[in-house]
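Visitor: Please take a close look at one part for me. I would like to hear about the core and what surrounds it.

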Amino acid sequence: MTFIPNGAGLLPEHTNPRQVPRGLRRFAAPAPRAAPAQEHCELCGETLGATHPHMVDPRNRSIACACTACALLFTRPAGRYRTVPDRVCDDPRAPLTDAEWAELAIPVAVAFFFVNSVLGRVVACYPSPAGVTECELDLEAWDRLAQAHPLLRALLPDVEAILVVREPTAETFLIPIDACYSLAGALRLNWHGFDGGAEVRAIMSEFLADLRQRARTLES
Amino acid sequence: MTEGHDDARVAGERVEELLAELRARSGPQAGDVAEELVSCLVRLYGAGLAAVMRIVGEDTRLQALLIADPLVESLLLVHDLHPLDTDTRIRRALARAGGGAEFLGVDDAGIAQVRLGSGCGSSTAAIEQAVADAAPETAGIRLVPRDPPLLQISRRQAGAV
């Protein structure tokens, strides 16, 4: 405190500059949000980085962004949300044959399958220009397939999916369900023409290359 | 402070209140969208004001009429369109506030330096608000106390050197 004889008595000495609210000014800046929209944890509001965990709400069939702390809280299957694990598995010992795939009668070359715990059954979906499209699945055929393929039985309900790709090469992976949705979203955004076009093929091959790198062989 | 000037500031404060309420109720994403929405409208009318000021050009009579209206003046300040420069505006605001405060200049960090006066009516809060209103483009205000009292001592020291 410094005594200043200005009639006001003791005045605090201002060593730090004071910020005074500037009203509407901050909205007038040419690009107030030049950075891409910041994502936030949908449970606690924490700001998220580009890669972050997701949680599934099986009842509403929705996926929510989460921070690591909230994701860890919901790793046990209890309550509304379930955290999506990040494992990617394949099983080179038991590849899906053309005959087995034909038995499922899926009309597309890329599809994913997951267990919906609310419906209590396996659901088959495929990426399309309209986003994720559900298709009919012969559940008995799926059960027969699961008998022969441990990878299909390793599937955790709601949070993981079996991705089956038949073209250009036949591959099967167990992947996190959020990866399915991000793939479907990317394909939808870049879909051109009848078969998706070159961009969609490039996204698909990049996605598969990443899975091959991440994949661990399923432990028997 | 006239009523017109308060309206612009009150609108800004109200917008912040509503954004905070929206964030609390609907989450940060809704808040971000609303921010973008407010920006969109503020930039639109700002572009309109910039066009008006281009038409006014160097016509000092028209400029004086515009900045004589507190509401118009505060909106010109929001968009950096005020015809008077920063220093002139701060000096003018300090003269109006009374109390003999002295403007020392804006430093490299954009902080306005003001030496407090000794007269009545020079409460620090009032001076800070006056400078912020007159020159919102400054990054902040540093109030420098008047030269320490006991001037006789300094004078004697100076004489001793």
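Guide: Of the 220 residues in chain A, 28% are buried. Buried means that 20 or more other C-beta atoms lie within 10 Å of the residue's own; exposed means 12 or fewer, partly exposed is in between, and C-beta atoms are placed from the backbone. This is a predicted model: local features need pLDDT of at least 70, side-chain atom pairs count only at pLDDT 80 or more, and totals for chains, interfaces and linings use all residues. Residues are numbered from 1 along each chain as its sequence is written, while chains are lettered from A and ligands numbered from 1 in the order in which they are written.

Chain A has 7 helices and 14 strands. These are DSSP runs, numbered from the N terminus: helices are H or I with at least four residues, strands are E with at least two. Take contacts in chain A with a separation of 6 or more: 54% of them join residues 24 or more positions apart. A contact here means C-beta atoms, placed from the backbone, within 7 Å.

Now the core itself. The largest nonpolar core holds 43 residues. Such a core is a set of buried Ala, Val, Leu, Ile, Met, Phe, Trp, Tyr and Cys residues joined through C-beta atoms within 7 Å. A:Ala111, A:Phe112, A:Ala161, A:Ile162 and A:Cys180 have the most contacts inside this core. Helix α6 of chain A, residues 177-190, gives the largest share, 7 residues. The core lies between domain 1 (39-83) and domain 2 (89-217) of chain A, because both give residues to it. Those bounds come from an automatic or database domain assignment.

Look at A:Phe112. Setting aside neighbours within four places in sequence, A:Phe112 contacts A:Cys125, A:Ala161, A:Ile162, A:Leu163 and A:Cys180. A second, separate core has 17 residues, among them B:Leu94, B:Ala97, B:Ala101 and B:Ala130.

Next, strand β9 of chain A, residues 110-116. β9(A) is mostly covered, with 5 of its 7 residues buried. β9(A) runs antiparallel to β12(A), and 4 bridges join them. Two strands count as paired if DSSP finds at least two bridges between them. A:Phe113 has A:Ile162 in β12(A) as its bridge partner. β9(A) also runs antiparallel to β10(A), residues 121-128, with 5 bridges. There, A:Val115 stands opposite A:Val122. The hairpin of β9(A) and β10(A) has 4 residues between the strands, and A:Gly120 takes a positive phi near 70° in it.

A:Ala105 sits in the loop between α3 (98-104) and β9 (110-116) of chain A. Its phi is near 55°, a positive value in a residue other than glycine. A:Ala105 counts as exposed, because it has 12 C-beta neighbours inside 10 Å. A:Pro168 sits in the loop between β12 (160-165) and β13 (171-176) of chain A. The peptide bond from A:Glu167 to A:Pro168 is cis, with omega near -10°.

One more sheet in chain A deserves a glance. It is open, has 3 strands in the order β6-β5-β7, and pairs antiparallel. β6 (62-65) and β7 (82-83) are the edge strands, each pairing on one side only. β5(A), residues 54-57, pairs with β6(A) over 4 bridges. Within that pair, A:His54 bridges to A:Cys65.

Technical notes: Two residues are in contact if their C-beta atoms, placed from the backbone, lie within 7 Å.
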